[in-house]
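Dear colleague,

Please find below the structure that I am handing over to you. My notes on it follow directly after.

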Amino acid sequence: MDIRALGYLRLETTKLEEWRTYTLDVLGMVEASGSTEETLYLRIDDRSYRIAVRAGTSDRLLAAGWEVANAAALATAARELEAAGFAVKSADAAELAERRVQDLIHVTDPCGNPLEIYWGQAQDHSALGTPYGNRFVAGDLGLGHVVLPVPDVEAALDFYENLLGFQLRDSMKLPPQAVPTATEERDFHLMHFLSPNRRHHSLGLYPAPLPPGIVHFMVELETLDDVGRGLDRMNAAGIPIASSLGRHTNDRMVSFYAQAPGGFQVEYGWDGLIVDPATWVAKEITADSIWGHHWNG
């Protein structure tokens, strides 16, 4: 299967106005065309949108959208998923119009996480015009990364690595106290980081369930100053900082984590590692960060 990038995220929220302020005024994203009182579409590059936030009765991930190159690649993905025993549903015309893509299929991973695989997302050729002059690192590398909860981490790893074709980049042993919602007792739990492209990881697999169906998502900025100014805006807005500024060991990202409306976090970072998939060797990382990233609870 030839998945190229994390294309978009779709979220449901009971706090749409909080998300509007959080994403536009603090994260420095741009409201995309087609936004309504019920759905907020967000741009960070030349794609029509990268994040959709829909008003609803819960706070949860609706879908992670994964991009393939063309119609033939999508047809291959559908065949391989069905051959492996996964139910595939084709999108209807209304869904394609709302997603602004040429074609799309729905599938869930072995842990019930909703995925959309698509091709042909529309572009917006107007100037992005971010509110603070900040610029995001996206494009062919995709939105950034997302960390999904997977109670059966072995089944999830097999699905993403061996069926969807992601490359395993790193794994990390987590002590039991770091995984309080784990479904079984273990001496340690493994968290895995994978990607279908040169970004160090586009996907993290957290070995336990979480109610929102998402642990965090990351957006990357072009400069360290962009991240620092974002941190200033978070503090000025009184938004809780979940983890202080620090540099990760695996992708070398300098980032902080802030609480988002709805029970999960957003990572705001700079200087993420770009790898050569042909020469990359998977490793075990033994510490989350080189410095910083002190978690607040």
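**Pocket and cavity**

The largest pocket holds about 740 Å³ of space. A pocket here is an open set of points on a 1 Å grid over the protein atoms alone, with protein on both sides within 12 Å along at least five of seven lines, whereas a cavity is a set of points where a 1.4 Å probe fits but cannot get out; lining residues have an atom within 4 Å of a point. Grid points are joined across faces, edges and corners, and a volume is the space filled by probe spheres set on the points.

This is a predicted model, in which local features need pLDDT of at least 70 and side-chain atom pairs count only at pLDDT 80 or more, while totals for chains, interfaces and linings use all residues. Residues are numbered from 1 along each chain as its sequence is written, and side-chain values use heavy atoms, with hydrogens and water left out.

The lining of the largest pocket comprises 32 residues, and Ala178, Tyr206, Val215, Gln265 and Trp295 lie nearest its centre. At least two lining residues come from each of strands S9 (145-149), S10, S11, S14 (241-248), S15 (254-260) and S16 (264-270). Helices (H or I, at least four residues) and strands (E, at least two) are DSSP runs, numbered from the N terminus.

The structure also holds one cavity of 30 Å³ or more. Residues lining the largest cavity include Trp19, Asp59, Arg60 and Phe264, and strand S1 (residues 3-13) contributes the most to that lining, with three residues.

**Core and aromatic residues**

The largest nonpolar core has 62 residues, among which Tyr160 and Phe217 touch the most other members. Helix H4 (residues 153-163) gives the most to this core, with six residues. Such a core is a set of buried Ala, Val, Leu, Ile, Met, Phe, Trp, Tyr and Cys residues joined through side-chain atoms within 4.5 Å. Buried means under 20% relative accessible area, exposed over 50%, and partly exposed in between (1.4 Å probe, protein chains only).

Tyr160 also belongs to an aromatic cluster with Trp66, Phe86, Phe159 and Phe166. Twelve aromatic pairs were found, a pair being rings of Phe, Tyr and Trp (its six-membered ring) whose centres lie within 6.5 Å. Leaving out residues up to four places away in sequence, Tyr160 touches Asp109, Leu115, Leu148, Gly165, Phe166, Leu194, Leu203 and Leu205; contact means heavy atoms within 4.5 Å.

**Individual residues**

Arg100 lies in the loop between helix H3 (93-99) and strand S7 (103-108). Arg100 counts as buried because its relative accessibility is 18%, and although it is not a glycine, it has a positive phi of about 65°. Arg100 lies over the face of Tyr41, at 4.5 Å from the ring centre. The charged end of Lys283 sits over the ring of Trp280, 3.7 Å from its centre. The criterion is NZ of Lys or CZ of Arg within 6 Å of the ring centre and within 35 degrees of the ring normal.

His293, in the segment after strand S18 (289-292), likewise has a positive phi, near 55°, and is buried at 5% relative accessibility.

Pro149, in strand S9, is buried, with a relative accessible area of 5%. Beyond four places in sequence, the contacts of Pro149 include Cys111, Asn113, Tyr206, Ala208, Pro209 and Leu210. Thr181, in the loop between strand S10 (167-174) and strand S11 (189-195), is partly exposed at 32% and is in contact with Tyr206, Ala208, Pro209 and Leu210, its neighbours within four places aside.

Yours sincerely

Key: Rings of Phe, Tyr and Trp (its six-membered ring) pair if their centres lie within 6.5 Å; planes under 30 degrees apart count as stacked, over 60 as edge-to-face and the rest as tilted.
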